[in-house]
Amino acid sequence: MASAETCRLSEAHPPKERSIEVFSAVLPEIKSQLRSLRHLHPPAYFDAVKDLSNNDLTSFTVDNLESVRVGSTAYGMHIFGKIQLPKSNGGYIHVRVFVGGEEAGKCKVHCIHIEDKENAEGGKDFRAIMKKEDELEWFNE
């Protein structure tokens, strides 16, 4: 399985034609997974967009793909994308897509990034909605 140690990612950059093709192909799957995550996880993960309907949350298009990082392994290409949520107040999602061949049709959404990390008070902070300043880093979930 690929990891940050075995798959070096490019620096973040605006999406090029290939990344746009791949994200266009998986856009319905990204939206479906985001809706599912919202209902499967505690509300704290989606506090930043709690007032948005599912339709507003998933109103993004491939034009909202702001930046990508790309890495290759022997079995395919890994593309990490930062997508702006246009109806939110500065919200983004980070998505990982795997392409197992030369064709955009051989791609699938690996995951949408969700975070649970310790805070300064010793508790946990939960989120699935990122901010513009959040770096697009390697993630497995």
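This is a predicted model: local features need pLDDT of at least 70, side-chain atom pairs count only at pLDDT 80 or more; totals for chains, interfaces and linings use all residues.

Reader: What radius of gyration does the protein chain have, and what would a compact globule have?
Author: The C-alpha trace spans about 40 × 35 × 25 Å along its principal axes. For 141 residues, a compact globule would have a radius of gyration near 14 Å. The chain agrees with that, at 15 Å.

Reader: What share of the residues counts as buried?
Author: The accessible surface of the chain comes to about 7,800 Å², and 48% of that area belongs to carbon and sulfur atoms. Buried here means a relative accessible area under 20%. Of the 141 residues, the share that counts as buried is 46%.

Reader: How many disulfides does a search of the whole structure find?
Author: A disulfide needs two cysteine sulfur atoms within 2.5 Å. The search of the whole structure finds none of these; the number is zero.

Reader: Which cysteine has the sulfur nearest to that of C107, and how far away is it?
Author: C107 is in no disulfide. C107 counts as buried because its relative accessibility is 14%, and C111 is buried at 8%. The nearest cysteine sulfur to C107 is 15 Å away, and it belongs to C111.

Reader: Where is K87 found, and which residues is K87 in contact with beyond its neighbours within four places in sequence?
Author: K87 is found in the loop between strand 2 (76–84) and strand 3 (91–99). Its C-alpha atom is separated by 6.8 Å from that of L57, 30 residues apart along the chain. Leaving aside neighbours within four places in sequence, the contacts of K87 are L52, D56 and S59.

Reader: Is S10 buried, partly exposed or exposed?
Author: S10 lies in the segment before helix 1 (17–40). Apart from neighbours within four places in sequence, S10 is in contact with R69 and V70. The relative accessible area of S10 is 24%, so this residue is partly exposed.

Reader: How far apart do the centres of the positive and negative side chains lie?
Author: The chain has 18 positive side chains and 22 negative ones. The centres of the two sets are separated by 2 Å.

Conventions: Residues are numbered from 1 along each chain as its sequence is written. Side-chain values use heavy atoms; hydrogens and water are left out. Buried means under 20% relative accessible area, exposed over 50%, partly exposed in between (1.4 Å probe, protein chains only). Helices (H or I, at least four residues) and strands (E, at least two) are DSSP runs, numbered from the N terminus. Contact means heavy atoms within 4.5 Å. The radius of gyration is taken over C-alpha atoms; the globule rule is 2.2 Å times the number of residues to the power 0.38. Accessible areas come from the Shrake-Rupley method with a 1.4 Å probe; for residues, only the protein chains shown count as cover. Lys and Arg count as positive and Asp and Glu as negative; His and the chain ends are not counted. The place of a charge is taken as NZ of Lys, CZ of Arg, CG of Asp or CD of Glu.
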